Structures are given as structure tokens and as C-alpha cells.
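Please look over the structure below. Then read the report part by part, with the chain in view.

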Amino acid sequence: MADSTDDNARAGSDSLRQAALDYHRLPKPGKLEIRATKPLANGRDLSRAYSPGVAEACLEIKSDPDTARDYTSRGNLVAVVTNGTAVLGLGNIGALASKPVMEGKAVLFKKFANIDCFDIELEQSDPEKLAEIVCALEPTFGAINLEDIKAPDCFIVEKICRERMNIPVFHDDQHGTAIVVGAAATNALRVAKKSFDEIKVVSTGGGAAGIACLDMLVKLGVKRENIWLCDINGLVHEGREDEAMTPQKAAFAQPGGPRGLGDVIDGADLFLGLSGPNLLAPEMVARMSDRPIIFALANPTPEIMPELAREVKPDAIIATGRSDRPNQVNNVLCFPFIFRGALDVGATTINDEMKIACIEGIAALARATTSAEAAAAYSGEQLSFGPDYLIPKPFDPRLMGVVASAVAKAAMETGVAARPIDDMDAYKRRLDSSVFKSALLMRPVFDAARSATRKIVFAEGEDERVLRAAHAIIEETTDTPILIGRPDVIETRCERAGLTIRPGIDFEIVNPENDPRYRDYWGTYHEIMARKGVTPDLAKAIMRTNTTAIGAVMVHREEADSLICGTFGQYLWHLNYIEQVLGTKELRPVGALSLMILEDGPLFVADTQVHAEPSPAQIAETVEGCARHIRRFGIAPKIALCSHSQFGNLDISSGRRMRAALEILDAEPRDFAYEGEMHVDAALDPELRERTFPGARLSGAANCLVFANTDAASGVRNILKMKGAGLEVGPLLMGMGNRAHIVTPSITARGLLNMSAIAGTPVAHYG
């Protein structure tokens, strides 16, 4: 049995390794590419982009170097620089091997703060030479993010670069961690009713992050004499001269001789761990003060697991570096937004005041009343300030506006902003409006789905895409997949695809050919359909052959919470059986809503499938359904009723139906923005709309287009998807209470995973 378990573990590890390699390799190598931001379609474009027109931009910059921000990408370009000597969890793997990590960091910059990045891996171990290379990059970049450089070299590199360069230089391993720890500590002390100037701090780990955190705690008010720093050789104390000692550690040396962690932990108010797994024993925690604060930040295994700490100190306030526990200390709360604020005001450096402003912004955000958007994005989670919510979630949509504007304001107040912002309120509004311009808006959906464990039944369980999605569901969510299909076929295809999941062990199977529940299923279906012409023999045949009907019956019998079907076959064919089995007076198909994730933000399109030529009442229902579901993603709905007629200028069917739908919507107060009827370009271009129809009640660009027939809606959806402009999530079947969703045959395994997260959100949170 042990050998079998070990084999399964190895197989699982091999599968995860291959999945990670495939992610980096396919469909094209790496995680980044360069795209042009200007057209180059004809000779005129070429003459402006290059010779002779490019000379004009060059001469302007030569005359006034500050205009480089206006004529080049420099003002929004950051270099992520490393020599690969201290890669998180991997150590000194070298510059080349560190490239996937740096590409990943560049992706985070882009996705979280819309900052462009080049990752630069340098084969240079001498810190002074490394600093010289970085300094020479100043003409190219608006800021430098130093990453994964070993201590104490990182201190040398950063010091030289900060002294010589007139742009922000920020070593995220030091200051990013210190800022998030500072925010978490600020709020933890508030919960514990303690203050910085009175606490005793015991820390493990004297690396770059650990030293920076201690320096930041001192800036926040902790007395240096109340800090006890331990490393691999024990307590940092006066007179210690081993090779692990550095000047940075020596600044925290305590009087007295050698001691260990267990000797200095008594009465500690704050434990700060940035070291290794299981270094803080429960008996040590028992000797800490009342309401101790424990930041066990080693990853993936912390210095102590939270449940062990709470066994001896139930009132402990705990943070870790793990995403599956409350209070995740994650640099992504900080670095994208501190750079965003610094770049936007042309900061020449990132000073202590900007870092503290970042701390205060993050901490205040956790204490603030949760916004409607954040509550919707994290539905099912308690976002209420307290021991388990000291700092915001990494995907809290408020972070950009709050933190970046606080940093920008501090830069201006301290005189390091070359381009001060006149209207900070307008700047913050602009930041807030840019939050959802990426596929990361799906992340809160997954977080919300983790609030409950639901059973998701897949009608086409033999499809390889479904099998891969089921594997991902088991890895990434708390949901339980149920697959309808033949066990031998599913097992063979799992093996062929290299998946370690197995039927009957990792997930449940319903075998249409031989299932002990067959009698119950056809009996239930016949009971529902007996007065609609379905005989017992027909019910038996359907329950042997129609997997969509089987899945719907399972949801009806409450053996599953939601059905996903449609990887083959026509949408309305599937919808027929869903409506037969699951339809009620309250639950009926309203429309199909597709979310298209575009580079400049999300765009919802409806009704792409359900009503070929909807009536005005059906259009109005679709608009209401769209508003509910758009809020599911934490987005305020802005819905345009689209037609070839524009504000009454054509007497055609689509225009008449849209105008009648508008009257229905106007008959009652609505808590969302809508307008129509209008062309798609007027919906998406506020200036064009204002010229066409001044004073329209829709402000800004619409984020949802509702069409008067499925031909138009489905056409727009397919054009955006097939031309590579957008990633589709959906379609979402509105009106069925999240009990069923019908995908389309073109869906990918990732698309099925996204749909399972949507289906995995309890209907009470779904709207």
C-alpha cells in the first residue's frame, strides 16, 4: 500500500511538473511578447515611425530630456533586473535559469498596474560591476526593480544605483516585503491593542527581506533595543564575528553572549519569520505574550502552522505567506502600485515617506468599509477588519487607486516628483477605472468559489477537455467534479493525457450504461415529463443515452449543484432538456451572456444563444440579468441596447423592439446604467455618442452590449474570440439560478475551468 501511495505521489508530481512546463512552452515559448502601439499600415505610417519622422522626436528629447516620457515608452517602462543569485525557493540558480521568474514578475506588473517591463538577467556576480551595468540602463527605463540578488550584495547594488541614478530603484525582496509586513503589523497591533514603541520583536532570518522588515519596524516606532534577531547561527549579539555576520545584522546586535531562538522568545509580542519551515515550536509560542502576533512567512511551509500556534495560544494573530490561509503577506499588494504612483509623478527616487504612505494605504484599506465592488468580487468571504483580515486580498480592486495615489501624493509632498499631479481625485478615479483591464478579473471568481464546496456535474465526461478541467478543479478549487461517461473510456483517456486523476478515487462517475441509480433517474425523468408525452420506455432510453438529461436530473435530485454541458452539440438542444427538467415558474432561461476579456477591459455580450428574435419584454429581462451577472465580477454595469437604428432614426424591427424594451426598463427605478438604442461604436465611444445624442444617460464606454437578435450578438462574440482580440468566459446561462450552464464546442479546458468556478459559486452569492 505504501509503495502504491508513493507511486501516486510521484505521478502527481510529474503531472504538475509537466503542466508547468507546458504552461511556459505553449502555445508559444515564454510569458511575454512585444507589441506595437502605433499603426504601421502604409508608407505614411512608416515615414513617421522611422525615417525621416522619427528624427523630430529625437530632436525634441535632445532639446528637453523630460519629453522622453511624451514621445517614448520610458515613462511607463520598468526593468526587472537580477543576477539569479537568490531566487525564491531555488537559491543561486544563475541568471539564465532565473528568467522564467523575472518574466513572471513582468507579467504581474502588467496585469496589476498596466506597467510595461523588460526582464534583464545579468551574468555578473560582482555587486559593484552589477551596479555599474544597471546604472548604464537609465536612459531606457523609468524605474528599476532589483530582484533575487543575494545578501549582502543586494544592499551594495541598491545603494550604488540609488546614489547614481535619477530614477526610482527599488529592491522588492527588501522593501516590498517590508511594506506589506509593516501594513500587517500596523493592523495586528491595533487588533491586539498594543503599540510599536512598547513591543518586543523576535525575528528569524537575516537576509535582505528580514533586515528590511526590521528597519521598517524601527521607522514605524519599534525600539531597536527591543528587537532580537536570530539567524542560522543563533542570536545576533555583540562580539559575534562568524562569516554569517554582516554590517546590516550587526545593527541589531544584542548585548550578551550566544543564545538561540528558544532563549529569547519569552514575552515576545511579535514573531517575524523569514527563514525556514517549523523553526518556531509550539512550546515557544506558549511563552510569548498574550495576544501574540506571529508572522510565519517562510514558503511553502511556514515557521509554524497556524493551527499549531493556536493550540497553545488561541488568541494569536497570525499571518503567513500562503494563499490558502488568512492574512497572506504578498508583495503583490505593494510593488505594482508603488511603481505606478512613482512613475505617474516622475519620481526621482522611492523614499521612506513613499514607503510609509504605501503601508498606511494598505493598512487603511483593510480597515475601511468594504466597497460594493470588492464585496461582489469576493462574495462568500468575510472582508471585515479583524484577526483574520489584517491586510487586503491581493486581488482587491481598490488597491490600485488607494495605494498608487498615496505614493504619488507622498512623492509630491517630499519634493521628489518631477511631474506633480494637479487633481489627485481625478487621478485616483482614473486609476480605479483601469483596474479590470485584464484576465485577472477571473481570480476573485475562484476565490469566491472557495467559500463553499459544490458538486459540478459534467455531461460530456469522456471529453479530454473535461478531464483536464476536472484535474484542474481538484487542484485549484474545493469543488467536486462528477463526470458522466464510461469508466473504462475515461480511465484510458486520463492515462493517454498523462493525468493522474482516476475515476472512483479522485472524482465520481455516472455510467450511462450501468449505474445503480438508473432506475431512480429514469423514474424521476418520467415523473417530470409524464404529461408531456414521455412514456416510461422513452424515459429509460433517454437516461441511457442523453448525458445532458442525466446531469439535469442529478441537479434536480440535489445530487449535484450545477450542470455544465455543451462541449458538443447545438446549444438549444441542450437548453431544451435543461428547461424540461430544471425549469420552474421562478427559473427559466433569460439569455446567454458571454464575457470577452479584452486588452482594454472586459466586454459583456448578450444574448448570444437563447432568444433568436427576443421580444421587448425578453430584451428587458436580458438587460436585468446582465446587470446582476456583471456585478458577479465586481464591475458596475454600463449596458447599451444595440441596434442598426440609433436613437430612433430608423423604423426597423430591432429599433422598435429596443425602444419598447427601454420603456419597460424605464417603468421602474433601476440601480444600474443603461441606454439605447444605439450603434455599437456609439456604445463604446463616449465622444461619438455625445455628438450623436448629447446628454445621453450612459457615461463613459459601455461594458455590456445587448443585441436585438442572436445573429448580431453571436457574431460579435465570435469575431472577438477568433481574431485573438478576446478571451471568452461563458456563455453564462442567465435565469436558471446557476443550476446549469451550456458552453460551446469551441471551449477550451481553461474555459471549462472558468465556467466551473462560476458554477461553483453558491447561488446565494451569485445574484
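## A loop residue and its patch

L40 sits in the loop that runs between helix 1 (2–25) and helix 2 (43–49). The model here is predicted. Is L40 buried or exposed? L40 has a relative accessible area of 57%. The cut-off for exposed is over 50%, so L40 counts as exposed.

Together with L46, Y50 and V54, L40 makes a nonpolar surface patch. The patch covers about 420 Å².

## The whole chain

Now step back. The chain has 767 residues and a radius of gyration of 29 Å. A compact globule with 767 residues would have a value near 27 Å, so the chain agrees with that picture. Its C-alpha atoms fill a box of roughly 90 × 75 × 50 Å along the principal axes. Of the 767 residues, 53% are buried.

The chain holds 32 helices and 21 strands. How is the chain divided into domains? Domain 1 spans 73–167, domain 2 spans 175–329 and domain 3 spans 332–435. Domain 4 covers 448–582, and domain 5 covers 591–735. The centres of domain 2 and domain 5, taken over C-alpha atoms, are 53 Å apart.

## A covered helix

Helix 14 takes in residues 335–344. How many of its residues are buried? The count is 10 of 10, so helix 14 is mostly covered. Among the buried residues are F335, F337, I338, F339 and L343. R340 and D344 are also on the buried list.

What comes after helix 14? G346 follows, and its phi is positive, near 65 degrees.

Most residues other than glycine have a negative phi, and most peptide bonds are trans. Some places in this chain depart from that pattern.

Start with the peptide bonds. The bond from S51 to P52 is cis, with omega near 5 degrees. P52 lies in the loop between helix 2 and helix 3 (54–63). N299 and P300 are also joined by a cis peptide bond, with omega about 0 degrees. P300 belongs to the loop between strand 9 (293–296) and helix 13 (306–312).

Now look at phi. K193 is not a glycine, yet its phi is positive, about 60 degrees. K193 lies in the loop between helix 8 (172–192) and strand 5 (201–204). K193 has 73% relative accessibility, so it counts as exposed. N327 is another residue other than glycine with a positive phi, near 60 degrees. Its loop lies between strand 10 (317–320) and helix 14. Is N327 buried or exposed? N327 has 5% relative accessibility, so it counts as buried.

## Salt bridges

Side chains of opposite charge can pair when their charged atoms come close. How many salt bridges are counted here? The count comes to 39.

One of them joins K99 and E121, at 3.5 Å from N to O. K99 lies in helix 5 (residues 99–113) and E121 in strand 2 (residues 116–121), so the pair ties together parts that are 22 residues apart in sequence. K99 is partly exposed, at 30% relative accessibility.

E462 and R486 form a salt bridge at 2.8 Å, N to O. This pair links distant parts of the chain, 24 residues apart. E462 is in the loop between strand 11 (455–458) and helix 20 (464–476). R486 is in the loop between strand 12 (480–484) and helix 21 (487–496). E462 counts as buried at 16% relative accessibility, while R486 counts as partly exposed at 31%.

E464 pairs with R468, and their closest N and O atoms are 3.2 Å apart. Both residues lie in helix 20, 4 residues apart, about one turn of the helix. E464 is partly exposed at 32%, and R468 is partly exposed at 36%. Elsewhere, E508, D515, R517, D520, R557 and E559 are linked in a network of salt bridges.

## Cysteines

A disulfide is a covalent bond between the sulfur atoms of two cysteines. How many disulfides does a search of the whole structure find? The search finds 0.

Take two residues, C58 and C494. C58 has 48% relative accessibility, so it counts as partly exposed. C494 has 0% relative accessibility, so it counts as buried.

Methods. Residues numbered from 1 in each chain as written. Predicted model: local features only at pLDDT ≥ 70, side-chain atom pairs only at ≥ 80, totals over all residues. Heavy atoms only, no water. Disulfide = S-S within 2.5 Å. Buried < 20%, exposed > 50% of the residue type's maximum accessible area, 1.4 Å probe, protein only. Patch = residues over 30% accessible without salt bridge, like charges linked within 9 Å, V, L, I, M, F, W, Y side chains within 5 Å. Areas by Shrake-Rupley, 256 points an atom, 1.4 Å probe, with all protein chains shown as cover. Salt bridge = Lys/Arg side-chain N within 4 Å of Asp/Glu carboxyl O. Helix = DSSP H or I, 4+ residues; strand = E, 2+ residues; numbered from the N terminus. Domains from an automatic or database assignment. Rg over C-alpha atoms; globule rule 2.2 N^0.38 Å.
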